[in-house]
Amino acid sequence: MFLYLLLMILALSFLWIQRHYSYWERRGVPYVEASFPRGNLQGVGQKFHMSAAIQACYKQLKGKGPFGGIFFFLNPVVLVTDLELVKRVLVKDFQFFHDRSLYYNEKDDPLTGNLLNIEGTRWRNLRAKITPTFTSGKMKMMFPTIVAIADQFHELLVRESAEGVEIEMKEALARFTTDVIGACAFGLECDSLSNPESIFRQMGSRLFSKRSFRLVVAQQFRELARFLGYVTFDKEVSKFFLNVVRDTIEYREKSGVSGKDFMDLMIKLKNTESIDDSEGGSLGTLTFNEIAAQAVVFFAAGFETSATTMSYCLYELALNPALQDKARDDVTRVIRKHGTLAYEAAQDMQYVGACIDEALRKYPPGPSLSRAVTKNYKVPNTDTTLEKGTSVLIPVYAIHHDPEHFPDPERYDPDRFLPEQQATRNPYSYLPFGEGPRNCIGLRFGLTVARIGVAYVLKGFRISLSGRTPVPLELSRQKMILTIERGLWLHLEML
């Protein structure tokens, strides 16, 4: 009897699983065969990065329609393969896709209640509050702080290169961006450049200690993860940053001290009785937890992605001396024209900007964009209606490496991002910061920091690869963002 019951349970479980994995077939949608329990994520985090798994699915599905079906565990996911549908999801039909479907749990993990994760009206209101803090005017206010820290970064490189040692540039850049973001987000001196063991550098590293696969699991089973109290931020890290934000706010409010930084702008929003939105309604004020969550996501996203992007750019320029010389000439031209690396000069470095853009194409830190269907959506020119709650994935890495959009995609070619070539290309083929109302709010800040960091290296040094740096680079299989696994070792020769 027991054996019969066990066999029945197994048979029913098999049918239940098969029912899930026939979701796209029953709807007449091209799909990639999946296997239990991970669906199309077999090997992710162990054999390869998630971007490689998604790229393989993209190659199978492209040309079979504007999208295809894949599975994350048992959950059906829309994989967009057509740029017109990318445009509709991100911009034109945004009202159907305004949420990211990312996991957050403000009760147990308050720092997850940030602009990246939250949904619906709360997201719209918070975005409206924070957007003015990233204008070009506010960037100009922060720019002297960025340059002052860049001078310290240059001094660090001079000291270390004079000793004739190989420099692990990714770590040096992370220390630079940690100090920049710490100053601009919290108004604090993190001292990472002078002390590589500084508490901010340690806590910054631990912000990304969670493995990407665990985050994907939480995302796919959000209600269960919330019920179980799953947290994505290390508790010690969360406590540290909450205390830093609390102490900073209390000190500034009691002393009357203010700074031209992100935290000062957040405190003003906290103490503003109301802010009128574009529809005439009140947006209210920011709470302490909201300020802390935004400050930490600004810190985490800013220091890691900027450091990673500069690392990839310098790696490629070290591999290509002719391109390196061309980028250095661009820096020299701008300094000669403006007299110094002022804010306007940073924006004027067209070729350096193209080098960074091409690094972001080849190595996008966020290799995919996720959205959720917030109400049933009839896909234009098809018979398919996407059901509310279905996840949508835009495969940024795969699109960036599609030869239809970028011929010879593995070749690093900054000329792709000079104006004449950009004008001939579909703008939705390049999405390192997303697009539309939910694009990266700090993109202007991140690009400015990257331009300054790269310029300071090029204007002072000729760079070449160390034998400790593999070609091609070894990328982490486990991190959510696309990052170098074993560091970037370079030789620096002073000019």
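This is a predicted model: local features need pLDDT of at least 70, side-chain atom pairs count only at pLDDT 80 or more; totals for chains, interfaces and linings use all residues.
1. Numbering runs from 1 along each chain as its sequence is written, and side-chain values use heavy atoms, leaving out hydrogens and water.

2. Along the principal axes, the C-alpha atoms fill a box of roughly 80 × 55 × 50 Å.

3. Now burial and surface. Of the 495 residues, 56% are buried, where buried means under 20% relative accessible area, exposed over 50%, and partly exposed in between (1.4 Å probe, protein chains only). The accessible surface totals about 21,900 Å², with 54% of it on carbon and sulfur atoms; areas come from the Shrake-Rupley method with a 1.4 Å probe, and for residues only the protein chains shown count as cover.

4. Next, the cores. The largest nonpolar core holds 108 residues, and Met169, Phe186, Phe241 and Phe445 have the most contacts inside it. Helix α13 gives the most to this core, at 16 residues. A separate, second core has 45 residues, including Ile17, Ala53, Ile54 and Val373. A core here is a set of buried Ala, Val, Leu, Ile, Met, Phe, Trp, Tyr and Cys residues joined through side-chain atoms within 4.5 Å. In soluble globular proteins, nonpolar side chains tend to be buried together.

5. As for Phe445, leaving out residues up to four places away in sequence, this residue touches Met139, Met142, Ile146, Val180, Ile181, Cys184 and Phe298.

6. Helix α7 is worth a look. Its 18 residues should span 26 Å at 1.5 Å a residue, and the end C-alpha atoms are 25 Å apart, which agrees; the expected span is 1.5 Å times one less than the number of residues. Because 17 of those 18 residues are buried, α7 is largely enclosed by the rest of the structure. At its start, a side-chain oxygen of Glu168 comes to within 2.9 Å of the backbone nitrogen of Lys170, a polar contact (N or O atoms paired within 3.5 Å; within protein, one must be able to donate a hydrogen and the other to accept it, and residues adjacent in sequence count only if both atoms are side-chain atoms). After the helix comes Gly187, with a positive phi near 70 degrees.

7. Helix α11 (residues 235-255) has 21 residues and reaches 30 Å between its first and last C-alpha, close to the expected 30 Å. Its buried residues include Val237, Phe240, Phe241, Thr248 and Arg252. Cover for the buried set includes α7 (169-186), α8 (199-206), α12 (262-270) and α13 (288-319). At the start of α11, a side-chain oxygen of Asp234 reaches to within 2.8 Å of the backbone nitrogen of Glu236, and just after the helix Gly256 takes a positive phi of about 80 degrees.

8. Ser311 sits in helix α13 and is buried, at 0% relative accessible area. Neighbours within four places aside, Ser311 contacts Lys170, Leu173, Ile484 and Leu488. Ser464 is in strand β8 (residues 461-465) and is partly exposed at 32%. Beyond four places in sequence, Ser464 touches Ala318, Leu490 and His491.

9. Finally, two loop residues. Thr81, between β2 (75-80) and α4 (83-92), counts as buried at 7% relative accessibility. A polar atom of the Thr81 side chain lies 3.0 Å from the backbone oxygen of Gly65. Phe36 is in the loop between α2 (23-26) and α3 (50-61); residues up to four places away aside, Phe36 touches Ile17, Tyr21, Gln42 and Leu74.

Methods: Helices (H or I, at least four residues) and strands (E, at least two) are DSSP runs, numbered from the N terminus. Contact means heavy atoms within 4.5 Å.
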